[in-house]
Amino acid sequence: MTDFFSRIGRSTLGTLARLGRASVFLWHALVGLPGLILRPGLVVAQIYSIGVLSLIIIVVSGTFVGAVLALQGYNTLVNFGAQDSLGVLVALSLLRELGPVVTALLFAGRAGSALTAEIGLMKTTEQLSSMEMMAVDPMRRVVAPRLLAGFISMPLLAAIFSFLGIMGAYVVGVGALGLDEGPFWGQMQSAVDFRDDVMNGVIKSLVFGFVASWIAVYEGFDAEPTSEGVSRATTRTVVHTSLAVLGLDFVLTALMFG
Amino acid sequence: MNIARSVEIWVGLFVAAGFAAMLGLAMQVSNIPLFQTVDGYDVQLRFNNIGGLRERAPVTMSGVQIGRVKAIELDPRSFDAVVTVTIRRDFNEIPEDTGASIYTSGLLGEQYIALDPGGLDFFLQDGDEITLTQSALVLERLIGRFLTSMGDGGDDD
């Protein structure tokens, strides 16, 4: 019986300790951010590996998510004779929810796991400790640029995702299903508000970008320096990021549109 | 640290594409108010009941959009709804005795204001008021009236 409770206690304390370490870690990384102004090259290289290399999956899934939304939405809306609202349906779902959330989930799988594995391996092969030996702060040299790059890349990826999704819906709706072009754009434009819908989506993806890259770099930095530990840390990154994104999305939606 | 030139180019393209997508969303998908300040003149319309009319709803004449609803207020004394609409400058020869009604586009669509041109030689100016208006059709009232008339018909038998 006491065994049972001690196990609960241990896991609770462990979780709390990890949260505390993650916060302290974040603080150190944020302190390292201003120094990056002098070395923008570090950030550019990271934006390349985080943002540019994620483009293909974002482009493909954005287009297809929009196209499928248009197909499904059309089949439902046509029952009510409201197929002219297809543009509104697709644009609002993409801008408010699907764009930021699906991009963040794809980001966790494509870029977050890579970040964790990279930093975890640096730790395993003792590159991080050798940096410290040479008086190079790995927080500034390794962690801060990756954090900033994720923060910059996510809203751009989400905007590309939403835009291509709407274009995919346009191709399916107007091109294949024979909707009229006028109401498709016209109703969309009168229903979508720039500040309420577009900007709130951007704010969402900024938050997701921050959280996703924080979790990714922290898990890599905190990984056990064994091959098994790195693999576990990578899994944790994807799982924790997905859960955090979905949970935060609910909170943000309640705050913004509730 | 020297980064390859191709990396820089790719990052530049990526950032440019991201901003282009945001710009596209702003311009094409939403009607960003910043770039959408209609160059036109304001006219006020008085309605008994505006139903579900909202700000930025279209104002049409013969089905063609010529402006947008700018503001909706309630006159505190007469309890009329005062709707301020902005009409595009190109349409500056609208007769003064033009009438306005609120219609719904489609069965469940949004509500808009339709102007029916009058025949006077005096034209609407900035700050003018249209009083020849027809209120929105409120479905509940219509059903209520229909039910009452049904009841009356039943009594006659």
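**Exercise 1.** In strand 4 of chain B, which residue is the bridge partner of Val43(B)?

Solution. One thing to keep in mind throughout: this is a predicted model. Start with strand 1 of chain B, residues 40–47, which is joined by eight bridges to strand 4, residues 81–88, of chain B. These two strands run antiparallel. Follow the bridge from Val43(B) and you land on Val85(B). Now zoom out to the whole sheet: it is open, has eight strands in the order 7-1-4-3-2-6-5-8 (chain B), and its pairing is mixed. Its edges are strand 7 (129–130) and strand 8 (133–134) of chain B, each pairing on one side only.

**Exercise 2.** Describe the make-up of chain A.

Solution. Count the elements: chain A has nine helices and zero strands. Reading along the sequence therefore gives α-α-α-α-α-α-α-α-α. Next, the dimensions: the C-alpha trace of chain A spans about 65 × 55 × 30 Å along its principal axes. Of the 258 residues in chain A, 46% are buried. Finally, look at contacts in chain A with a separation of 6 or more: 87% of them come from residues 24 or more positions apart.

**Exercise 3.** Is Phe221(A) buried or exposed?

Solution. First place the residue: Phe221(A) sits in helix 8 of chain A. Then count neighbours: Phe221(A) has 23 C-beta neighbours inside 10 Å, so it counts as buried, given that the cut-off is 20 or more. Leaving out residues up to four places away in sequence, Phe221(A) touches Phe25(A), Ile119(A), Lys123(A) and Val143(A). As for Tyr170(A), 51 residues away along the chain, its C-alpha atom is 44 Å from that of Phe221(A).

**Exercise 4.** Which residues touch the most other members of the largest nonpolar core?

Solution. The core has 77 residues, and the answer is Ile47(A), Val90(A), Ala91(A), Ile160(A), Ala212(A) and Val217(A). Now ask where the core comes from. The elements giving two or more residues include helix 3 (55–77) and helix 9 (227–257) of chain A, as well as helix 1 (5–29) of chain B. Helix 6 of chain A gives the most, with 22 residues. Then there's another core, apart from this one, with 22 residues, among them Val69(B), Val83(B), Leu115(B) and Ala136(B). To finish, pick Val90(A) and list its contacts beyond four places in sequence: Gly66(A), Leu69(A), Ala70(A), Gly73(A), Ile166(A) and Ala169(A).

**Exercise 5.** How many residues does each chain bring to the contact between chain A and chain B?

Solution. Chain A brings 28 residues and chain B brings 26 residues. On chain A, the elements that give two or more residues are helix 2 (40–50), helix 4 (86–124), helix 6 (138–176), helix 7 (181–191) and helix 8 (194–222). Sort the chain A side by class and you get 19 nonpolar, six polar and three charged residues.

Technical notes
Residues numbered from 1 in each chain as written. Chains lettered and ligands numbered in written order. Predicted model: local features only at pLDDT ≥ 70, side-chain atom pairs only at ≥ 80, totals over all residues. Contact = placed C-beta atoms within 7 Å. Helix = DSSP H or I, 4+ residues; strand = E, 2+ residues; numbered from the N terminus. Nonpolar A, V, L, I, M, F, W, Y, C, P; charged D, E, K, R; others polar. Pairing = 2+ DSSP bridges. Buried ≥ 20, exposed ≤ 12 C-beta atoms within 10 Å, placed from the backbone. Core = buried A, V, L, I, M, F, W, Y, C linked by C-beta atoms within 7 Å.
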